[in-house]
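Q: I am new to this structure and would like to go through it step by step. Could we begin with the ligand and its surroundings?

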Amino acid sequence: MPGRSATHIPDQSGRSAVVTGANSGIGYVTARELARRGASVTLACRSAARGRAAVIRLRAEVPGAWVEFLPLDLADLASVREFAAAYGQRHTALDLLINNAGVMALPYGRTADGFETQLGVNHLGHFALTGLLLPRLRAAAPGARIVNVSSGFHVLGRIDPDDADLADVGGEHGYRRWIAYGRSKTANLLFTHELSRRFTAAGSPIIAVAAHPGYASSNLHSGASKLEGPTFISRLAALGDAVLAQPTSSGALPTLHAATAPGVRPDAFIGPRFGWRGAPARSWRAGWTLDDTTGELLWAASERLTGVSYAALPR
Ligand SMILES: NC(=O)c1ccc[n+]([C@@H]2O[C@H](COP(=O)([O-])OP(=O)(O)OC[C@H]3O[C@@H](n4cnc5c(N)ncnc54)[C@H](OP(=O)(O)O)[C@@H]3O)[C@@H](O)[C@H]2O)c1
C-alpha cells in the first residue's frame, strides 16, 4: 500500500467479503474499511449481541454500507458448518475471505470438538471454514483472496510433524500458553503456504496471503484476564497497550493491504514495516513456516481432525 491510511484501498464495489471476528479490534476496522470502499461485508462473529452491535456501529460510521451479521463460533465445527451453509444460501460468490478472529495465551481449554483452544480457534476453525467456503471463492471473478491473520509471535512455537496429537500436544499437563499461541500462528502461515502451493498447482486465480498487525491496541490482550482474573502478565500487557501499541486503525492496514493492494504475491506475509508499527510491507517469517513437508502434514492432519476435505485442491 503506497501510503499509511485506509484511503488507498482500491474500489471494492461489486465485491463480497467475509471477515471473521469482525465485531472488535482489527476485524472491525477491516470490515468497516472494506465496506467504505463499496464491498458487501458479512461480519462473522460468535456473539449475536456483539455482532449486531457491530453492524449498527458500522452503518452509523459508514452510511449506506452493505453489511450483515452471521453467527460463527470457530470453537465449534457445527457452527462453522452452519455459517458456511447460511452464507452459501445468501451469496453466490465470495471475493475476500479474511480469517482474522483469534484468541491469545488463554488458560488451557478445549473447543467443542476437543481441540486445544488456541489451535482450534486460530487454525482448525479457519481451515474448516475456508474449505467449506471454497466453492463460493471459486465462483468469484478472478482476483479472489484469502487472508490469514497471523502474528510476529509465530516465532514462539513451531509445528512438529512428529507430534502424534497435533490438536492437543502434551494435553493440559504439558500446556504452555504462549507456545500454544505461537504454534497456532505458525499454523496460519503454514496453511497459507500450502494453500498457495495448491492453488498454483491447480491453475487457480485465487490468492492466499498472510498478514499481521504488529502491535495494535485491541481486546486480544485482555482475553486471558477475563477468564482468570488479572495477572502480572495481563497488567503488563495493559500497560504495553497504553504506551506502545499503535491504534487499531493502523493495525488493520497490513490486512487491508494483503486483501486489496494490486500485485500482492501468493504466500506473501504482510506486516508493519518496522515489525510492530509502520506502513504495510513484506514481513520477516521463520523458515519453518515455508517448509513444504510440514505444510503438507499439517494440511492432512487438519483435514482428518475437522472432517473437511479440500477435494477440489488435491496435492
Ligand atoms: N492486536 C495485536 O497486537 C495483534 C498482534 C498480532 C496478531 N494479532 C492477531 O490479529 C487478529 C485479531 O485480533 P485483535 O487484536 O483484533 O483482537 P480482538 O479485538 O480480541 O479481536 C478478536 C476477534 O476474534 C473473535 N473470536 C475469538 N474467539 C472466537 C471464536 N471462537 N469464534 C469466532 N470469533 C472469535 C473475537 O470475538 P469476541 O469479541 O466475541 O471475543 C473478536 O471479534 C487475531 O488473529 C490476532 O491473533 C493481533
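Q: Which helices each supply at least two residues of the shell around the ligand?
A: This is a predicted model. In it, α1 (25–36) and α5 (177–201) each supply at least two residues of that shell.

Q: And which residues come nearest to the ligand?
A: There are 29 residues around the ligand, and those that come nearest are Arg46, Arg50, Asn100, Tyr181 and Ser218.

Q: What is the distance from the side chain of Arg46 to an oxygen atom of the ligand?
A: An N or O atom in the Arg46 side chain is 2.6 Å from an oxygen atom of the ligand. For the side chain of Tyr181, the corresponding distance to a ligand oxygen atom is 2.8 Å. Asn100 contributes a backbone N or O atom, which lies 2.7 Å from an oxygen atom of the ligand.

Q: How much of the ligand does the protein bury?
A: The protein buries 95% of the 890 Å² that the ligand exposes when taken alone.

Q: What is the shell made of, by class?
A: The shell around the ligand has 13 nonpolar residues, 12 polar residues and 4 charged residues.

Q: Turning to the surface, which residues form a nonpolar patch there?
A: The patch is formed by Phe232, Leu236, Leu239, Val243, Leu244 and Trp276. Together they have about 650 Å² of accessible area.

Q: Where is Leu244 found?
A: Leu244 is in the loop between α7 (232–243) and α8 (248–251).

How values were computed. Residues numbered from 1 in each chain as written. Predicted model: local features only at pLDDT ≥ 70, side-chain atom pairs only at ≥ 80, totals over all residues. Heavy atoms only, no water. Near = heavy atom within 4 Å. Polar contact = N/O pair within 3.5 Å; in protein donor to acceptor, adjacent residues only side chain to side chain. Areas by Shrake-Rupley, 256 points an atom, 1.4 Å probe, with all protein chains shown as cover. Helix = DSSP H or I, 4+ residues; strand = E, 2+ residues; numbered from the N terminus. Nonpolar A, V, L, I, M, F, W, Y, C, P; charged D, E, K, R; others polar. Patch = residues over 30% accessible without salt bridge, like charges linked within 9 Å, V, L, I, M, F, W, Y side chains within 5 Å. Salt bridge = Lys/Arg side-chain N within 4 Å of Asp/Glu carboxyl O.
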